[in-house]
Amino acid sequence: MSIFQKTLESKILGKPMNLSFYCPSGYEVAELPVLYFLHGRTGDETLVRQTGMDKLADELIAAGEIKPLCIVCPSMGNSRGINSARVAREVDGKYGPVHKGRYADYLLEEVIPFAEDALRAARRREDRYIGGVSAGGYAALHLALRHQELFSRVGGHMPAIDLSCADEDECYFADEAMWLQFDPISIAAGSGACDLRVFLDDGDQDEGQFYRGCEKLYEILRQKGADVQNHVFKGHHNGEYVVSNLKTYLRFYGV
């Protein structure tokens with residue numbers, strides 16, 4: 001196993017951004033698939049190591065339960081992965097600092113090319129996956145649904161999908177029109193056929209009740225022809241829930 005960190009000097013955001021890389025043994029000589037795994041509102045690029053996802057991936061690869069893959073966890077700040085402002089800046093939000101800027105463009109136009117160059121990774125859609133937890137799951141879903149030409153699999157793990165524009169969303173979105181632009185449910189409803197493989201899940205005691213958004217998104221995607229699954233597992237909206245389901249997530253991405 002190899003896990004290391006790199007810094008990307010982002011021109012889009014105008015500041016250095018850290019990325020954490022997990023790679024299995026032998027990645028240097030093989031073009032492997034890459035999973036872009038996004039952290040939540042209070043997390044950072046160390047998510048893979050903090051959760052033990054790196055060690056678990058090693059175990060599953062060694063046991064032949066999943067195929068070798070690389071995992072890239074970029075720093076996304078508290079941004080929801082959206083394009084919220086032309087110039088990056090930090091503002092006060094209900095639960096702490098909110099990072100505004102062109103974060104969707106940053107991931108698509110800078111993180112992916114940077115990571116693929118660093119890893120000499122496979123560059124085909126079928127070998128590029130994206131997923132995330134909480135706000136990162138929300139970001140993964142809106143990015144994949146809007147850019148199906150780039151990704152073949154997407155996972156929203158306890159994704160922060162609201163059914164309406166809540167008061168706390170005002171610090172991220174200028175208005176309801178912007179909220180709808182990045183809402184995974186609205187994107188799915190307004191798009192044509194979907195050929196993504198999609199994994200949705202949430203805890204049965206999630207304090208945000210995001211399982212309601214997952215169920216609505218699941219029904220829409222199923223009608224659009226997506227290979228979609230939706231699960232309600234035991235647990236709250238916290239790190240323990242994520243850790244308890246990591247093996248299931250890796251099997252989705254790695255099989």
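Modeller: Here it is; bear in mind that this is a predicted model. To start with the cysteines, the sulfur of Cys70 has its closest cysteine sulfur in Cys23, at 3.7 Å, which is too far for a bond, because a disulfide needs the two sulfur atoms within 2.5 Å.

Biologist: Is Cys70 buried or exposed? And what about Cys23, buried or exposed?

Modeller: Cys70 counts as buried, at 2% relative accessibility, and Cys23 is buried as well, with a relative accessible area of 0%.

Biologist: How far is the sulfur of Cys194 from the closest cysteine sulfur?

Modeller: That distance is 15 Å, to the sulfur of Cys214, again too far for a bond; Cys194 is buried, at 3% relative accessibility.

Biologist: How many disulfides does the structure hold, then?

Modeller: The structure holds zero disulfides.

Biologist: Switching to the core: which residues have the most contacts inside the largest one?

Modeller: The largest nonpolar core has 48 residues, and those with the most contacts inside it are Tyr36, Leu107, Leu119, Ile130, Leu217 and Leu221. Among the elements that give it two or more residues are strand 2, strand 3 (34-38) and helix 7 (211-223), while helix 3 provides the largest share, nine residues.

Biologist: What does Leu221 touch?

Modeller: Leaving aside residues up to four places away in sequence, Leu221 touches Leu145, Ala188, Cys194, Val198, Ala226 and Val228. There is also a second, separate core of 26 residues, which includes Leu47, Val48, Ile71 and Cys73.

Notes: Residues numbered from 1 in each chain as written. Predicted model: local features only at pLDDT ≥ 70, side-chain atom pairs only at ≥ 80, totals over all residues. Heavy atoms only, no water. Buried < 20%, exposed > 50% of the residue type's maximum accessible area, 1.4 Å probe, protein only. Core = buried A, V, L, I, M, F, W, Y, C linked by side-chain atoms within 4.5 Å. Helix = DSSP H or I, 4+ residues; strand = E, 2+ residues; numbered from the N terminus. Contact = heavy atoms within 4.5 Å.
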